[in-house]
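Please examine the sequence and the three-dimensional model shown here.

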Amino acid sequence: MITDSVWRRTTSQVVLYVILILLAVVFLTPVYMVLITSFKHPETINLATSWNLPETVYWQSYLEVLEEFGPRIRNSIVLVVVATLLSSMMGSLNGYVFAKWRVPGQRILFPIMLFGMFIPYQAILIPLFEFMNAIDLYGGLPGLILIHTVYGLPITTLIFRNFYVDIPNEMLEASAIDGAGFFRMYREIVFPLSIPGFVVVIIWQFTQIWNEFLFAVTLTPNVASQPITVGLAQLAGGEAVKWNLPMAGAVVAALPPLLVYIILGRYFIRGLLAGSVKG
Amino acid sequence: MKKALALFLVLALALTAVSAGFAQDDLSGELEIFSWWAGDEGPALEALITLFNEQNPNVEVINATVTGGSGVNARAVLKTRMLGGDAPDSFQVHAGEELTGTWVVAGRMADLTTLYQEQGWMEAFPADLLDLLTYEGGIYSVPVNIHRSNVMWYNPATVESLGIAVPATMDEFLAACPAIQEAGITPLVVGEAWTVNHLWESVALGVLGAEGWNGIWTGETDPAGAEMVQVFETFGQVLACSNLAEDAAGLSWQQAIDKVVAGEAAFNIMGDWAAGYMTTTLGLEPGVGFGYAPTPGAVGTFMWLSDSFGLPVDAANQANTLAWLSLLGSVDGQNAFNPLKGSIPANVNAVAAAPDLYNAYLQSAAADWSSNALVGSLVHGAAANERFMGDFNQVMEIYLSSGSAEAAASAMAAICLQSGACGSSM
Amino acid sequence: MYSQRDRAVAFLMLMPSIALIGIFVYGFILQTINTSLLDWGTNPIANPPLSANVVKSYVGGANYSAIMTDLLEFSFRNSLVNTFFFTLFFVGGCVLVGLFLALLLDQKIVGEAFFRTVFLFPMSLSFVVTGTIWRWMLQPGGGINILPTFIPTLEPIMFKWMSSRQTWLGFEWAQVPTFLTYVGLAILAFLAVNYALSGKRSPLIYVIVAAVVLLTVWLAGWWDYVWLPLDTPEAEPSIAPKGFNAALIGVIIAAVWQMSGYTMAMFLAGIRGVPEEMREAARVDGCSTFGVYRHVVLPQLNPIILSAMIVLGHISLKIFDLVFAMAGPDNAQTIVPGILVYTEGFRENAFSKASSIAMIMLSLVAVIIVPYLWTQLRDEK
């Protein structure tokens with residue numbers, strides 16, 4: 001027997017799922033567009049038929065993209081892994097200091113660090129180049145790694161500091177009584193609890209660094225040290241753009257961060273939940 | 001003992017002389033070529049590099065392209081590098097004021113007059129071209145190709161079905177508009193912002209004529225005068241015949257050409273890289289699948305732009321660069337590059353040497369190149385410096401927002417003053 | 001509690017980061033400020049900006065006053081207006097959409113992981129990729145506009161997206177100082193009343209002084225010196241109308257599509273952070289599902305909303321890649337300061353002008369961020 005409330009609940013469930021599915025379709029429409037265009041032959045790409053499925057699947061674009069990206073994929077991976085590790089380790093230590101240790105001047109130092117997150121990169125491009133040239137790090141991957149590490153410090157510090165503020169002081173005081181110093185406290189108490197924080201930071205930094213273009217194109221002029229964002233721009237370059245190539249390139253370039261999100265997505269939310277959300 | 005020493009010295013000297021002779025012919029080291037050619041334009045540059053490698057097998061050529069629509073990223077990278085003292089050995093730059101007003105006046109480029117004289121290029125390049133390449137008596141770049149800016153493209157089938165003649169003057173074009181519009185076809189298709197600028201320069205050329213156009217850059221044509229107002233007024237009338245109000249800003253120049261090919265638009269004014277697009281990507285035959293004519297009012301005038309390379313003063317490998325430049329200007333080099341790029345050689349002897357390499361359009365363009373009056377393009381860096389080109393966008397925006405030709409002309413005068421591009425700097 | 005030695009160690013651990021930030025952020029900012037006070041690139045003929053022997057002389061605030069008052073620099077003023085509207089709708093859109101999505105996902109649904117991934121994944125793309133895709137989709141002759149035609153009898157959409165020259169909510173640039181003065185006085189009045197009622201003497205005095213200063217500046221007409229094109233202020237409205245440019249809508253949609261997953265994730269975390277007991281208690285008290293959300297859950301989300309607004313706000317003020325990919329650097333309807341810095345600096349070699357625009361961008365960001373940081377850190381003590 002279907003009571004009124006069961007009926008109402010079922011309807012609201014149905015409505016809920018319908019809305020969700022519609023929204024998912026809306027969100028996925030651009031993906032559909034990118035995918036079908038990437039599989040079309042360049043001559044068949046035009047505005048009027050942009051929604052139609054490709055008549056024949058044209059794999060050539062992906063081959064060309066992989067050829068263009070080839071060496072750059074290695075560069076991107078090295079860049080992202082090293083810079084993310086460095087900036088998250090340093091961020092974790094900084095967050096630990098700001099959250100748990102009353103160091104002199106911290107009320108000024110923390111905002112000073114944070115403010116670095118907000119600078120527009122175009123503003124400092126030329127002084128940055130001149131500096132990198134002066135210290136002989138221009139043109140190679142190490143220089144790019146340094147830059148991404150430094151500019152990642154403010155956000156990683158912020159995330160970790162907010163995260164560590166929630167760790168009860170009593171835990172640290174107890175181990176201080178036990179004779180633990182700065183590093184032992186970090187190693188034994190703080191670091192094991194940091195996993196959700198690391199997840200958030202790693203996801204964020206991975207995406208930011210993997211997708212960054214301006215520094216990459218300016219500071220690594222040689223293919224040997226360029227990340228793939230530059231390769232992506234090369235595909236859409238020149239006077240005549242064959243849209244199948246940039247679309248295929250976009251798919252390939254988006255895969256790694258996408259995989260990271262798919263696999264680690266729930267940890268991302270859990271990490272946000274665990275305290276980095278506030279402030 | 002002394003005899004042995006003398007013999008040794010003579011041998012040493014002889015060896016040095018011989019090896020110096022070898023060093024002359026046998027360049028080694030690196031050569032970094034900086035450009036923004038990629039995609040469809042890549043093969044042309046690669047053909048040149050292959051040819052260079054055949055002649056100089058011991059030089060390692062580094063092809064440092066930075067792409068992104070018509071050099072917009074490349075310029076940023078190049079300027080950052082030059083300011084930082086890390087000049088590439090040679091870089092692609094539009095011949096004319098874009099090079100002169102940016103790099104030559106800044107003292108960054110080496111004078112190539114000696115090279116020109118050695119290679120006999122003073123006769124091989126047209127005098128009008130050499131005029132714009134010269135600054136205070138020196139020549140600072142070698143043009144590798146010539147593109148034409150003032151070409152009007154059409155679909156022969158469309159024109160035939162409309163029963164009109166291809167307009168040769170502005171009046172004819174404006175007179176034909178209503179009939180074309182009635183047939184449901186866009187008379188003139190334009191695309192995003194820079195293509196509107198491109199259209200403007202053809203209209204200006206059509207209204208002012210070659211002398212009037214050149215007069216802008218020498219100061220003889222008053223930028224705020226009645227003629228310029230007339231230019232903008234005609235421009236407004238031409239735009240009224242176009243799709244500017246509908247969907248222009250979202251169209252790339254290729255998409256605009258697509259509309260002509262599809263019969264949705266009658267005419268499009270674009271540089272002759274459009275010919276390369278139509279022949280190579282769309283597989284059409286010049287004259288059959290698409291038609292071409294000089295823009296209305298500019299029959300007999302060739303508005304040119306050119307990609308060129310120069311020698312930065314602090315380039316690391318000067319000898320290699322000079323060898324590169326010698327190849328670029330030579331008949332062989334120009335014939336290796338241009339057929340693939342879809343442009344014509346600047347060297348007037350090149351096409352005659354190998355006419356089969358060039359399709360019907362390019363041959364007719366080359367013939368025009370040798371016979372027409374030559375004027376430099378504004379939008380593509382020949383006629384005015386970068387400051388003026390950038391500020392010109394403001395003038396265009398003022399005109400499009402207000403619709404007032406007078407406001408646009410007085411803005412023109414203001415930017416002439418600000419950039420110093422309209423004086424007699426030649 | 002902690003030993004002196006450990007505190008010294010803690011301080012030392014911070015030093016590398018502080019030093020790096022000091023150079024890479026503040027050192028470069030100082031360099032940019034310095035450049036903005038020069039005349040580097042002002043006169044391309046007499047003093048070529050790219051010359052090795054370029055003469056850079058100090059001109060003080062001339063660059064700043066030029067971009068605010070020169071008639072030909074209307075692009076900069078338009079870019080400020082565009083940024084204002086873009087920020088408003090982008091941040092608002094992300095917050096609203098993110099909240100809505102989070103509320104939906106909070107219901108115990110099957111396939112939550114799938115939906116969550118779908119909504120989150122645009123965040124993994126670069127702005128360049130997003131811009132390229134959406135540019136293609138929003139072309140007036142195809143993409144979204146022809147979508148309705150798949151349903152018989154429906155006409156294609158006629159909106160021109162980034163090609164549109166329409167402007168809504170038009171206003172005159174000359175009116176803005178008056179408007180800003182009103183807003184400023186209103187805020188100061190509100191603060192004054194607050195301080196007066198809670199008896200805080202010294203902040204009250206500061207507020208009153210600030211109000212008097214503002215009033216004087218406005219009444220004496222000093223705004224004009226930094227705000228209006230002094231030569232022909234009447235010309236500005238016709239050649240460069242100000243308002244909400246319809247062309248921005250496409251960019252806003254693309255940006256919201258990309259970042260609402262982020263706000264959704266934050267809200268979802270916040271909603272799930274509300275203890276179940278609180279919700280139970282409210283339900284026991286007789287609240288409907290809506291009521292539980294409205295009275296129990298949403299109030300907890302205020303700090304999250306604020307935090308999201310800050311992060312999104314600063315992204316929006318710096319926006320470059322997305323606009324560049326979607327509308328190109330030459331679309332006057334969508335011009336934003338980030339693009340101007342690029343074209344002025346690297347296309348026109350007007351490095352001092354570009355630096356002054358960059359500094360104004362930074363100041364705008366500072367105006368939002370600094371008070372926020374200050375209140376956050378003060379509250380925590």
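Predicted model: local features only at pLDDT ≥ 70, side-chain atom pairs only at ≥ 80, totals over all residues.

Residues are numbered from 1 along each chain as its sequence is written, while chains are lettered from A and ligands numbered from 1 in the order in which they are written.

**Chain C as a whole**

- Chain C has 16 helices and two strands; helices (H or I, at least four residues) and strands (E, at least two) are DSSP runs, numbered from the N terminus.
- The C-alpha trace of chain C spans about 75 × 75 × 50 Å along its principal axes.
- Of the 381 residues in chain C, 45% are buried. A residue counts as buried if 20 or more other C-beta atoms lie within 10 Å of its own, as exposed if 12 or fewer do, and as partly exposed in between, with C-beta atoms placed from the backbone.
- Among contacts in chain C between residues at least 6 apart in sequence, 72% join residues at least 24 apart. Two residues are in contact if their C-beta atoms, placed from the backbone, lie within 7 Å.

- Helix α1 (residues 4–36) of chain C has 33 residues and reaches 44 Å from its first C-alpha to its last, close to the 48 Å expected at 1.5 Å a residue. The expected span is 1.5 Å times one less than the number of residues.
- At Gly22(C), α1(C) bends by about 35°; the bend at a residue is the angle between axes fitted to the seven residues ending there and the seven starting there.
- Buried residues of α1(C) include Ala10(C), Leu14(C), Ser17(C), Ile21(C), Phe24(C) and Phe28(C).
- Helix α10 (residues 193–218) of chain B spans only 27 Å between its end C-alpha atoms, whereas a straight helix of 26 residues would span 38 Å at 1.5 Å a residue.
- A kink of about 110° in α10(B) is centred on Gly209(B).
- After α10(B) comes Gly219(B), whose phi is positive, near 95°.

**The contact between chains A and C**

- Chain A contributes 66 residues to this contact, and chain C contributes 73 residues.
- On the side of chain A that touches chain C, the largest share, 14 residues, comes from helix α11 (residues 244–276) of chain A.
- That side of chain A divides into 52 nonpolar, 10 polar and four charged residues. Here Ala, Val, Leu, Ile, Met, Phe, Trp, Tyr, Cys and Pro count as nonpolar, Asp, Glu, Lys and Arg as charged, and the others, Gly among them, as polar.

**Domains**

- Chain A is assigned domain 1 (4–38) and domain 2 (62–276), with bounds that come from an automatic or database domain assignment.
- The C-alpha centres of domain 1 of chain A and domain 2 of chain A are separated by 34 Å.
- Four residues of domain 1 of chain A are in contact with six residues of domain 2 of chain A.
- Chain B is assigned domain 1 (27–147 + 305–376) and domain 2 (151–297 + 384–419), and their C-alpha centres lie 28 Å apart.
- In chain B, 13 residues of domain 1 are in contact with 17 residues of domain 2.
- The largest share of the domain 1 side of that contact in chain B, four residues, comes from α4(B).

**The nonpolar core**

- The largest nonpolar core has 314 residues, and those with the most contacts inside it are Trp153(B), Ile257(B), Val251(C) and Val323(C). Such a core is a set of buried Ala, Val, Leu, Ile, Met, Phe, Trp, Tyr and Cys residues joined through C-beta atoms within 7 Å.
- Leaving aside neighbours within four places in sequence, Val323(C) is in contact with Val251(C), Thr334(C), Val336(C) and Ile339(C).

**Individual residues**

- Arg116(C) lies in helix α4 (residues 112–120) of chain C and is buried, because 23 other C-beta atoms lie within 10 Å.
- Not counting residues up to four places away in sequence, Arg116(C) touches Gly265(A) and Leu105(C).
- Leu169(C), in strand β1 (residues 167–171) of chain C, has a positive phi of about 50° although it is not a glycine.
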